[in-house]
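Subject: Structure for your review

Dear colleague,

Please find below the structure that I am handing over to you. My findings follow it.

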Amino acid sequence: MLSNPSTAEAVGLHTGPAAGARPMRIALIGNPNSGKTSLFNQLTGLNQKVGNFPGVTVDRKSGFAQLTATQRAEIVDLPGTYSLYPKSLDEKVITDLLYDRTSASYPDFVVVTVDANNLRRSLLLFTQLGDLGLPAVLALNMMDVAERHGVNIDLPALERELGVPIIPMNARKGIGVAALKIVMAQRLDAPPVRCWQPDEKLLPLVRQIRYYFDLHNDYLALHYAQQFRQIGFLSADDKAYLQELTQKYGFDATAQQAAETIARYARINEILLETVTVTRTETREPVSNRIDRVLTHRVGGYLIFLAILFLLFQAIFAWAQYPMDWIDQGISALSATIQENFHGPLIRLLTEGVLAGLGGVLIFIPQIALLFGFLAVLEETGYMARVTFLMDKLMRPFGLSGKSVVPLISGLACAVPAIMGARTIESWKDRMITIFVTPLMSCSARIPVYTVLVALVVPDEAAWGIFNLRGVALMSLYLLGLFSALASAWVLKKVLKARERSYFIMEFPVYQWPRWKNVGLTIYQKVQAFVLQAGRVIVAISVLLWVLASYGPGNRQEEAVSQLMVRQNIGFSSPQAMARYNQEHPEYKEELARRVASARLENSYAGTFGHLIEPAIRPLGYDWKIGIALLTSFAAREVFVGTISTIYSVGQDADMGTLQQKLQAEKDANGQPFFTTARAFSLLVFYVFAMQCMSTLAVTYRETKNWRWPLAQLLYMTGLAYVAAFAVYQVLS
Amino acid sequence: MALFRRSPQQVAASAATRRTAKDLRLGETGTICCLEDPEMALKLLEMGCVPGVKVRLSGRAPLGDPLMLVLGDQEYTLSVRANEAATILLKE
C-alpha cells in the first residue's frame with residue numbers, strides 16, 4: 001500500500017492518544033463513484049463482513065481499521081448517495097442511521113468521500129451532513145486527476161470555509177490513507193460552520209419538533225418534517241404527530257427541498273469561487289468521452305457487447321468446467337473413502353445426504369467466482385454503466401430497465417448469483433420484476449435434463465441442410481426460457497403497483513483500469529455469501545430427501561425386498577447354488593443390487609409420495625417414477641438425471657448411453673414405448689418453466705426479505721410449467 | 001431564480017418555442033434555465049442539473065434513447081432518458 005506521510009504534515013495534524021474503550025464507529029459516506037469502496041477496502045482489507053442493518057433489509061458492509069498501533073475503529077460503509085433525501089431503499093438506510101442518535105450503529109463521526117473533479121455536486125451532500133452537526137472529515141479523492149485537469153484547490157481556504165479537516169488523497173493508489181487514519185484516530189468536534197439554515201418562517205415548526213423529540217439541531221428537525229413517513233424508527237404516534245404538525249403549518253416538502261438545494265448550490269458556488277481556480281490546459285475532450293464514442297457506437301456498441309458476452313459464456317461454460325470437475329471428483333473421492341472405511345446409517349446420511357448436497361453447492365463455486373470476477377471487472381472499468389445505457393430502450397417495453405440486463409445474462413449460468421446481481425437496480429419495481437423473472441432464463445442445471453430428453457426423442461439429423469435438429473431443439477428451449485421471462489416481466493409490470501417512479505438518471509463513471517484488490521474482495525464476498533446462504537438450505541433439503549428416499553412407512557420396504565428375493569431365488573435349487581452363481585456372474589449381482597435399490601425406493605416415503613401425486617401428473621403423461629424425479633428435483637434440477645437413473649435401475653456411474661437405452665426400453669401398460677415424443681416434450685417444457693431450485697428460492701427470500709416473493713415465484717412458475725406441459729402433452733399425443 | 005414554471009398560461013405560451021435538453025443537437029451546448037417536473041427536478045438537482053449550468057448533448061444510445069449529457073465545466077456525464085431530459089428547460 002502506498003502512503004504519503006508528508007500529506008499528514010501538510011494539514012498540520014498530530015497523532016492523538018487512544019481515546020475511549022469502545023472502538024470508534026466511523027461511517028463512510030459519499031456519492032456513487034466517489035471512490036468510497038476503494039477507500040473502504042484500503043482501510044479494512046479482509047477485515048470486513050457483510051450483515052444487515054438492524055431492522056432494515058439492506059446489506060451493511062462493515063469492518064475494522066487499525067488506525068494507530070493501539071487504536072482500532074469500526075468502519076461502516078454506507079450506500080452511495082447524492083443527498084440526504086433518499087430515493088431508494090438503499091439510501092433510506094443512511095437517513096435511518098444518521099437521524100437516530102440512539103441507534104446501535106450511530107457513528108461517532110463520518111468520513112465524506114468527495115470527487116475533487118466534481119466538487120460542486122459532491123459538496124451538496126457534504127454541506128447537508130455538516131448542517132446535521134455531525135463531526136466530519138472530508139476525504140478529497142482523485143486529486144491526481146483534478147491536478148491533471150488543471151483544477152487548483154486552495155486547501156487551507158476550503159478547510160476554513162467548511163470548518164472540517166480535509167485530506168487530499170488518491171484512494172485507488174492508497175495515497176493519503178495514512179493521513180486520513182491519523183485524523184480519524186482523534187475525537188473530532190462537530191463542525192462550527194453552517195452552510196444553510198431553515199427559513200425564518202419554518203422556525204416555529206422546527207422548534208416544536210425539536211422540543212417534542214429532544215433534538216439538538218434545527219436541520220435534523222426539518223428532516224423529520226420532510227421525511228417522517230419513511231423514517232423507520234419513528235412510532236405510529238410520532239408519525240401522526242408530525243403529520244398533524246406539518247399540516248397545521250402548511251409545510252410543502254417538495255418546494256422546501258427544492259429551495260434548500262438551490263440555496264445550497266448558491267452557497268457552494270460562492271465557496272468554490274474563492275477556493276478553486278481552473279486553468280484548463282487541455283482543450284481536447286476527455287479520453288473517456290472518446291472511448292464512449294466507440295463503445296456506445298450505433299453498430300459497434302452492440303457488436304462489442306456481444307463479443308464480451310461471448311467471452312463471458314466461454315468463461316462460465318468452458319473454463320469453469322475444469323475446476324468444477326476437480327471439485328466433483330474431490331467430493332466423490334472423499335465420499336468413497338468414508339464409505340470404504342465406515343458403515344452404518346449415519347455414515348450413509350453423511351455421504352449420500354450431506355456430502356452429496358454439499359457437492360451440489362460447492363460445484364458452482366468456479367462458475368460463481370468467474371462470473372462475479374468478470375462482472376466486477378466490467379463494473380470497475382465503468383463499462384457496465386454503458387451496457388445498461390445501450391440496453392435500456394430495448395428492455396423498457398417489458399417493464400425492465402437497462403440495469404436488468406446483467407442479472408438476466410448471469411441467469412443463463414445460475415439464477416442465484418444473478419438475483420444477487422439485481423441489487424444494482426435502484427427502482428424497487430424494476431428490481432422485483434428482474435428478480436422474479438430471472439429464474440426463467442435456462443440455467444446450467446437444466447443442461448443435463450435437456451440433453452438426455454432431447455437425445456431421446458429428437459433424431460440426430462440435419463434440418464434445412466445446415467442445422468442439426470437436436471441443436472435446433474436445444475436452442476428453442478433456451479429461447480422459450482428467454483421469451484417467457486420477458487413476457488412474465490411484461491405481465492408483472494401491469495400487475496405491480498409502485499409508489500416510486502422509475503428513473504434512469506445515472507452518472508457515467510470515468511473509464512479506468514480495474515483495481516484487482518477490489519475485484520478479489522468482490523469474488524471472495526460473493527462466493528462466501530453463496531456457500532453460506534444457499535449451502536445451508538441445500539444441505540438441509542438433501543438430508544431430508546435422503547431420509548425420505550431411504551426409509552419407508554412400516555416395513556413395506558423390507559417386504560418388497562424379500563418378495564423380490566423370493567422371485568430371484570426361484571430359479572436356484574439352493575441358496576448355495578445362488579451364491580455360487582453370484583460369484584461367477586458379478587454383473588448379475590450388480591443387477592440384483594440395482595433391483596433391490598429400485599424396490600426400496602418405490603416403497604420409500606418418496607416412492608409413496610410419487611404414487612400419491614400420480615393422479616395429479618397423469619394429465620401431463622407422467623407416471624409415479626417421473627413423479628419421484630419431479631419431487632426430488634424440486635430441490636435442484638440436476639437431481640432429475642440421478643433420480644431417473646436410480647429409478648430405472650441404472651447405477652449412478654452409468655453413462656448417458658446406458659440411461660438412454662433404459663429410457664428407450666421403458667414400456668407403458670400396453671407394452672408400447674413409454675417415452676413418446678409427447679411425454680418427452682411435456683417433460684422438457686416442464687423443466688423450462690418450473691421453479692425447481694431451493695437455492696434460488698432461498699436467495700430470492702434473502703434479497704427481498706419477504707416470503708411472499710419466493711412463494712409467488714414457486715406458485716407462478718410451477719403453475720406455468722404445469723399448464724404448458726399439459727398443453728404440450730395433450731396436443732402432441 | 002425560478003425553478004418551476006408554475007403558471008399554466010406561461011407554459012402554454014412558451015410550449016411552441018421552448019427548448020429542452022431533449023431538443024439539443026448532437027454536440028450542442030445549452031444552459032439550464034429551469035426544471036419542469038417537480039419530482040424529477042429534485043433528483044436532477046441532486047445530480048448537478050442546476051439552473052445556470054451548461055449542458056451538452058454528447059451522445060445518444062443506438063436506439064435514440066437514453067441520452068448522454070455532459071454537465072458544466074467539470075465534464076461529468078449523466079445518462080438520462082429522453083422523457084427525463086424533456087423536463088430540463090434551456091435558456092433561449
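How many residues does the largest nonpolar core have, and which of them have the most contacts inside it? In this predicted model, the largest nonpolar core has 87 residues. I153(A) and I209(A) are the residues with the most contacts inside that core. As general background, nonpolar side chains tend to be buried together in soluble globular proteins.

Helix α7 of chain A, residues 177–184, is largely enclosed by the rest of the structure, because six of its eight residues are buried. The buried residues of α7(A) are V177(A), A179(A), L180(A), K181(A), V183(A) and M184(A). Helix α21 of chain A, residues 447–457, is mostly covered, with eight of its 11 residues buried. In α21(A) these are V449(A), Y450(A), V452(A) and the run L453(A), V454(A), A455(A), L456(A) and V457(A).

I turn now to the interface between the chains. Here 40 residues of chain A are in contact with 37 residues of chain B. The two chains bury about 3,700 Å² between them, and 59% of this lies on carbon and sulfur atoms. On the side of chain A, F389(A), R501(A) and I505(A) lose the most area to chain B, together accounting for 18% of what that side buries.

Eight residue pairs are in polar contact between chain A and chain B, both residues being at pLDDT 80 or more. The count of salt bridges between chain A and chain B is two. R81(B) forms a salt bridge with D392(A), in which the closest N and O atoms are 2.9 Å apart.

Which elements of chain A each supply at least two residues of the side that touches chain B? They are the helices α4 (119–131), α11 (253–275), α12 (287–295) and α17 (383–395), together with the strand β12 (506–508). Of these, α11(A) gives the most, with six residues. Sorted by class, the side of chain A that touches chain B has 17 nonpolar, 11 polar and 12 charged residues.

With kind regards

How values were computed. Residues numbered from 1 in each chain as written. Chains lettered and ligands numbered in written order. Predicted model: local features only at pLDDT ≥ 70, side-chain atom pairs only at ≥ 80, totals over all residues. Heavy atoms only, no water. Buried < 20%, exposed > 50% of the residue type's maximum accessible area, 1.4 Å probe, protein only. Helix = DSSP H or I, 4+ residues; strand = E, 2+ residues; numbered from the N terminus. Core = buried A, V, L, I, M, F, W, Y, C linked by side-chain atoms within 4.5 Å. Contact = heavy atoms within 4.5 Å. Buried area = accessible area lost by both parts, 1.4 Å probe. Salt bridge = Lys/Arg side-chain N within 4 Å of Asp/Glu carboxyl O. Polar contact = N/O pair within 3.5 Å; in protein donor to acceptor, adjacent residues only side chain to side chain. Nonpolar A, V, L, I, M, F, W, Y, C, P; charged D, E, K, R; others polar.
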